[in-house]
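Reader: Hi! Could you walk me through this one?
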Amino acid sequence: MTEQYDLAIVGAGVVGLGHALAARRRGLKTIVIDRDARANGASVRNFGFVTVTGQQRGECWRRAMRSRDIWAEIAPQAGIEVVHRGLLVAVRRPEAVPVLEAFMATEMGEGCALLTPDEARARLPALTGALSGALWSPHDLRVESREAIPKLAAWLAGQGIAFRRLTAVTGVEPGRVDTSAGPIHAARIVVAPGDDYHTLLEDRFALYGLTRCKLHMLRVADPALGRLPGSVMTDLSLGRYLGYAELPEAAALKARLAAEQAEHLAHGVHLIVVQSADGSLVVGDSHHYDATPDPFAPEAVDELILDEYRALFGGAPRVVERWIGTYASAPDRLAFIDRPDPAIRLVVVTSGTGASTGFAIAEEAVAELFD
Ligand SMILES: Cc1cc2nc3c(=O)[nH]c(=O)nc-3n(C[C@H](O)[C@H](O)[C@H](O)COP(=O)(O)OP(=O)(O)OC[C@H]3O[C@@H](n4cnc5c(N)ncnc54)[C@H](O)[C@@H]3O)c2cc1C
């Protein structure tokens with residue numbers, strides 16, 4: 001006799017766990033299956049930056065707001081520390097200021113504030129580089145992913161969600177998941193395999209034209225910075241994050257960035273700085289696209305990231321850790337819920353936004369399957 005589940009979820013990254021969370025809220029008998037002993041993919045390699053501000057206007061921004069609310073609600077229950085809240089976008093070029101002003105005039109600017117350079121330095125005295133202004137947003141939050149994801153999984157297990165680890169899923173069909181440890185029977189199935197788009201449902205994945213994006217990440221020690229008031233970004237992020245970059249006012253800034261920071265743009269480098277409980281800083285990132293990204297991390301790319309960091313803070317950050325991560329990337333969408341069968345959903349975040357939007361997307365997919 002094999003056990004029967006209401007829902008089987010393939011993948012125990014943040015997207016798979018988001019589905020388990022939504023299923024738990026409905027009291028569904030649920031199993032999560034993952035081939036690794038513990039989370040090892042994008043979900044533990046990211047910044048843990050639950051980014052609302054700057055996400056693409058409309059669906060993505062709304063999903064980020066909803067996911068942020070879910071993170072804030074479950075973090076204390078699961079023993080996950082919210083390390084800091086809010087976002088400071090500190091800009092040094094005058095062309096960035098109209099972008100921030102235009103952003104403030106949209107519904108996404110609600111609750112945010114434009115700051116003068118002095119007001120920005122009052123929040124973060126370590127901003128010693130040239131500044132033209134800043135945006136403060138209270139909406140975003142940060143968790144330490146490498147701790148938060150295991151804690152979330154352990155909490156879900158304590159709430160009755162079954163986990164089968166070190167188990168590879170080799171096939172899915174309505175009502176049944178085939179694994180390296182035998183079949184699992186479930187009325188509904190969610191496949192959330194991150195950037196593995198060849199093992200399962202390859203014909204469905206083929207519809208989306210996916211590739212992979214590789215990112216460089218650093219942890220630095222820089223005691224001179226003190227405590228960050230929230231996550232920090234710069235002008236380069238305004239050219240990259242669609243909530244700003246799609247505003248018409250961003251054209252002049254993008255032209256100036258192309259002229260002045262062509263090498264950064266060629267490597268997809270922009271700056272995110274977040275802080276950990278011990279005061280160290282997670283700093284990134286870069287974006288290189290390839291079906292099979294190479295596993296190497298050239299120093300020159302890290303130097304571009306640190307160059308942007310020093311332009312903002314000066315100082316001498318000491319690198320204490322480096323890693324790379326990858327996520328699935330689509331040419332024309334940030335995420336998708338695919339429907340291979342009425343009882344199966346394939347759910348993939350195809351941009352660097354899964355920690356920010358995954359919970360809301362999971363809620364939508366579970367509602368589709370069970371309502
Ligand atoms: C360096 C980096 C920085 C990022 N920063 C941010 C950020 O700050 N904010 C943000 O919102 N997003 C960020 N992202 C994006 C975010 O991390 C991803 O969108 C998200 O983690 C994807 O989650 P996932 O669960 O789909 O994938 P994963 O975390 O990769 O999990 C997929 C899981 O599926 C399992 N799996 C796959 N196939 C099978 C199979 N056949 N059988 C069994 N198990 C299988 C894998 O073992 C894996 O555990 C970043 C990504 C990277 C790489």
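Predicted model: local features only at pLDDT ≥ 70, side-chain atom pairs only at ≥ 80, totals over all residues.

Reader: Thanks! How many helices and strands does the protein chain have?
Author: There are 13 helices and 18 strands in the protein chain, taken as DSSP runs (helices H or I, at least four residues; strands E, at least two) and numbered from the N terminus.

Reader: And what is its radius of gyration?
Author: It is 21 Å, which agrees with the value near 21 Å for a compact globule of 371 residues. That rule is 2.2 Å times the number of residues to the power 0.38, over C-alpha atoms.

Reader: How much of the protein chain counts as buried?
Author: 56% of the 371 residues, with buried meaning under 20% relative accessible area (1.4 Å probe, protein chains only).

Reader: Switching topic: at what angle do α1 and α3 pack?
Author: Helix α1 (residues 14-25) and helix α3 (residues 59-78) meet at about 70°, with axes 13 Å apart. The axes are lines fitted to C-alpha atoms over the stretch in contact, and angles run from 0 to 180 degrees between N-to-C directions. The two are therefore roughly perpendicular (65 to 115 degrees).

Reader: Which residues make that contact?
Author: V14, L21 and R25 of α1 touch R66, I70, W71, E73 and I74 of α3, where contact means heavy atoms within 4.5 Å.

Note on methods:
Residues numbered from 1 in each chain as written. Heavy atoms only, no water. Parallel < 35°, antiparallel > 145°, perpendicular 65-115°, else oblique. Buried < 20%, exposed > 50% of the residue type's maximum accessible area, 1.4 Å probe, protein only.
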